[in-house]
Number of protein chains: 2
Amino acid sequence: MSAAVASADVVTSFIQALERRDLDAALALVTDDVEYDNVPMSKVHGPDGIRQVLEPFLGMCTAVEWVVHHQAATGDVVMNERTDRFELNGRWIAVSVAGLFVLRDGKIALWRDYFDQGQFNQSMAG
Amino acid sequence: MSAAVASADVVTSFIQALERRDLDAALALVTDDVEYDNVPMSKVHGPDGIRQVLEPFLGMCTAVEWVVHHQAATGDVVMNERTDRFELNGRWIAVSVAGLFVLRDGKIALWRDYFDQGQFNQSMAG
C-alpha cells in the first residue's frame, strides 16, 4: 500500500468516527501536538483542543454526515472536498468545506478546514 | 509519469500562467465547458467565463503571487492549499484558499476555490 493510500485511509477512518460522533476513536488518529484550524473561525492544538471544539457541537447533533465529493492524496498530504451535514433540532445544516490533512507517522498532525463563515452562519440561522 | 503527477503539472502550469497574468496561456489549459466556482461568490462556465471574472481583476494588479503550501493529486483530481496574493494600488492583499481541480483529458474541467468571503472583503478593504 502506497503512503498516499495509507494516508487517505486514516483520513477516511477519522471522518467515519466523527460521523458516528465517536470522539475517542477519532482522537486516537491524531498526534499529541495536532493543530486543528477552522480557518475563518479559530485554531486549537492537541486532542483536548479538538475535543473542546467538537464535543459540545457534536453533542447537540442527532446525526452527522460528511459527504466526501473528491479526495486526493500525495504522500502524507490528504485533501478533500466535502459537504458537512449536521442534524440539529430536527433540521439539517450543511457547510461546503475543503479540508487539508497532513499526517506524521500515520496520524493526523494538521487538520485545516476552509469554508465560508457567512455560509455557515446562514445555515445555522436557518 | 503517473496520471496524478501529470494532473498536478497541469495545475502548476495553470497557476504559473495566472501569476504572469497571461490569461491566454492559462485558458489553453482548460476545457471548453470548464466550470469555475468561487464557492462563496459566483460560478461561471467556459474559458470566456473565466476571462470575464479574472481579466478585470488581474488587470488592476501590478503583481500576482499564488503561494502553494500543500498540494495533493490522485488520478484526475488535484487539490491545493494556497495563499493568493495580489498587489493592488501599491498594497498586497492576501486570501487563504483551498482549491479543487478536476481534469479531463489533460485539461482542467472543474476549478473550485474555497475561501472565506469575509476575509477576502477585509483584505480588499485594507
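## A tour of the interface between chain B and chain A

Start with both chains in view: across the interface of chain B and chain A, 2 salt bridges are found, a salt bridge being a side-chain nitrogen of Lys or Arg within 4 Å of a carboxyl oxygen of Asp or Glu. This is a predicted model, in which local features need pLDDT of at least 70 and side-chain atom pairs count only at pLDDT 80 or more, while totals for chains, interfaces and linings use all residues. Residues are numbered from 1 along each chain as its sequence is written, chains are lettered from A in the order in which they are written, and side-chain values use heavy atoms, with hydrogens and water left out.

**Stop 1: the side of chain B**

Select the elements of chain B that each supply at least two residues of the side touching chain A: strand 3 (61-74), strand 4 (77-88), strand 5 (91-104), strand 6 (107-114) and helix 4 (117-125). Helices (H or I, at least four residues) and strands (E, at least two) are DSSP runs, numbered from the N terminus. Now colour that side by class: 13 residues are nonpolar, 7 polar and 3 charged. Here Ala, Val, Leu, Ile, Met, Phe, Trp, Tyr, Cys and Pro count as nonpolar, Asp, Glu, Lys and Arg as charged, and the others, Gly among them, as polar.

**Stop 2: the whole contact**

Next, show the 23 residues from chain B and the 23 residues from chain A that take part, with contact meaning heavy atoms within 4.5 Å. The buried area is about 1,700 Å², and carbon and sulfur atoms give 67% of that; this is the accessible area (1.4 Å probe) that two parts lose on being put together, summed over both. In chain B, pick out Met79(B), Glu81(B) and Tyr114(B), which lose the most area to chain A.

**Stop 3: Arg112(A)**

Arg112(A) sits in strand 6 (residues 107-114) of chain A. Is Arg112(A) buried or exposed? Arg112(A) counts as buried because its relative accessibility is 18%, and buried means under 20% relative accessible area (1.4 Å probe, protein chains only).

**Stop 4: the axis**

Notes. Buried means under 20% relative accessible area, exposed over 50%, partly exposed in between (1.4 Å probe, protein chains only).
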